[in-house]
Amino acid sequence: MEILIPILTLAVLGLLFGMGLAVASKRFAVKTDPRLEKILGLLPGANCGACGGAGCFGFAESILSGKLSIDACRVSEEAVKEQIAKLLGKKLEKREKKVAVLHCHGGNRRVKERFTYAGIRDCVAANMLHGGPKACAYGCIGYGTCMRVCPFGAITMSNEDLPVINEDKCTACGKCVAVCPKKLFTLVPLTKMYAVRCNSLDFGKKVTEVCSVGCIACRKCEKACPIQAIKIIDNLAVIDYNICDNRAECFKVCPVDTIAQKINKVWKNRLD
Amino acid sequence: MNAAQFLTIFISAVFIYNVILSRFLGLCSFIAISKETKPALAMSLAVMFVTTMSSIITWFIYRFLLIPFNLTYLRTISFILVIATFVQFVEMFIRKISPPMYRFFGIYLPLITVNCAVLGVAVLNVDMFFVNSKAVAGSFYYSTFQGICVGLGYTLAMLLMSGIRERLDLANVPKSVKDFPLAFIIASIMSLSFMGFNGFRF
């Protein structure tokens, strides 16, 4: 008899709670779209956040509610995107593929160090100390923070301590753009073959003192370009990629080889 | 029931017998969610809520069910049953009522369901505030307050830990101790420093 009391007590307790939970789960059920799981399964799951959603789950939610378009995901393959579009009964709009481009051609060969930095080998940390050890205050520090932050392993460091971007792996997620303390990366359409590889806003004299390939704002490129696609803004040549159609005039005329050409997916100036 | 007793409970639960750093309860969430301050704070709030509520519920279960039927030896299993049910219910409730709140700390609730810190508080309350199967005067208030204080102690440990780990994330540490090994080392050093509180006894 004595053993019956605890058994019954626990059984009744368990039964009550079980029933309570069952009722509650019916009462407080939240309706979820069955397509959500399917879309989430198709997305890459890298949770890079480049789409503007909070990870892949947030993105799946916002394409269901129509806040973001499927196109916003820069990582998924086209075929996968079409699958998702089919699931939603929508049509996919095509968008130009972009890649990250580094706007510095300095590296440790051309730009000297103004002090010996012995702290953490991290660009963000180094930048906090007087803008890092490099003589050029605008140039690449070269400690590879972008390499470590890239979720796709698309960035490697060259022997000149400059990041090199593998265009096949780059998905233009924008992580390197965000992390670089010098703001040296921009996303440039894959088809564009010329880029200004300098970010210095200093005057010509100061630039040449610290770097042999820095933009001295001589305005030769501005005059040479027949379609006004390149302009000097704040002592720096800037290409407007909405206009530029790879005429190479700026590349040919640049006296300090700041403007580089993409050859076999690698950025090279005339001296390299 | 007097103010001094409450002060004693507060200081011993938060500092001297800190649930994580001295009693070593709830370590899994302490290591797993202390990488950044914001989720750590959300988790701590969730834990504080659950420890408080479970202190209240288990007190009623113990006082009005287990003691009258002479079943005090069943306290562990019945406490787990009650706490798990309660946490599941709260999770469903929050999810329905307030999606933003669910996103803020609802996702941590399933982690707390079987957190040893929560069961630890319930068992501790019973050990401290019931003598010979009789409730001490004011034991309900003491239990509830101890639930809050243990949650506070958990919050303190989580905030300290996540602050340290956020900074250490930038540091250049050997690859072999990066992340979790380093977290264990920090946790042990913090625990050693909390041993210093053992000096004042009440």
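Start with one pair: A:Tyr194 has A:Gln261, in strand 8 of chain A, as its bridge partner. Before I build on that, the ground rules. This is a predicted model, where local features need pLDDT of at least 70, side-chain atom pairs count only at pLDDT 80 or more, and totals for chains, interfaces and linings use all residues. Residues are numbered from 1 along each chain as its sequence is written, while chains are lettered from A and ligands numbered from 1 in the order in which they are written.

Back to the sheet. Strand 5 and strand 8 (residues 259–263) of chain A pair in the antiparallel sense over 3 bridges. Strands here are DSSP runs of E, at least two residues, and helices are runs of H or I, at least four, numbered from the N terminus. Pairing needs at least two DSSP bridges between the strands. The open sheet has 3 strands, in the order 5-8-9, with antiparallel pairing. Strand 5 (194–196) and strand 9 (266–268) of chain A each have a single partner strand, so one side of each has no neighbour in the sheet. From one strand to the next, the twist averages 35°. Those angles run from 0 to 180 degrees between N-to-C directions, with axes as lines fitted to C-alpha atoms.

Next, strand 1 of chain A. Strand 1 pairs with strand 4 (residues 185–189) of chain A, antiparallel, over 5 bridges. A:Leu102 has A:Phe185 as its bridge partner in strand 4. Buried means 20 or more other C-beta atoms within 10 Å of the residue's own; exposed means 12 or fewer; partly exposed is in between; C-beta atoms are placed from the backbone.

Now the cores. A nonpolar core is a set of buried Ala, Val, Leu, Ile, Met, Phe, Trp, Tyr and Cys residues joined through C-beta atoms within 7 Å. The largest has 65 residues, and A:Ala100, A:Leu102 and A:Cys215 are among those with the most contacts inside it. Domain 1 (34–88) and domain 2 (98–268) of chain A both contribute residues, so this core lies between them. The domain bounds come from an automatic or database assignment. A second, separate core has 43 residues, including B:Trp59 and B:Ile61.

What does A:Ala100 contact, leaving aside neighbours within four places in sequence? Its contacts include A:Ile165, A:Cys170, A:Val177 and A:Leu187. Contact means backbone-placed C-beta atoms within 7 Å.

One more residue: A:Ala237, in strand 7 (residues 236–239) of chain A. A:Ala237 counts as buried because it has 23 C-beta neighbours inside 10 Å. A:Cys215 is 22 residues away in sequence, yet 6.9 Å away in space, C-alpha to C-alpha. Beyond four places in sequence, A:Ala237 also contacts A:Val196, A:Ile230 and A:Thr258, among others.

Chain by chain, then. Chain A has 11 helices and 9 strands, and 32% of its 272 residues are buried. Chain B has 9 helices and 2 strands, and 35% of its 202 residues are buried. Take contacts between residues at least 6 apart in sequence. Those joining residues at least 24 apart make up 56% in chain A and 77% in chain B.

Last, the interface. It takes 17 residues from chain A and 16 from chain B. The chain B side divides into 10 nonpolar, 4 polar and 2 charged. Nonpolar covers Ala, Val, Leu, Ile, Met, Phe, Trp, Tyr, Cys and Pro; charged covers Asp, Glu, Lys and Arg; the others, Gly among them, are polar.

Conventions
Contact = placed C-beta atoms within 7 Å.
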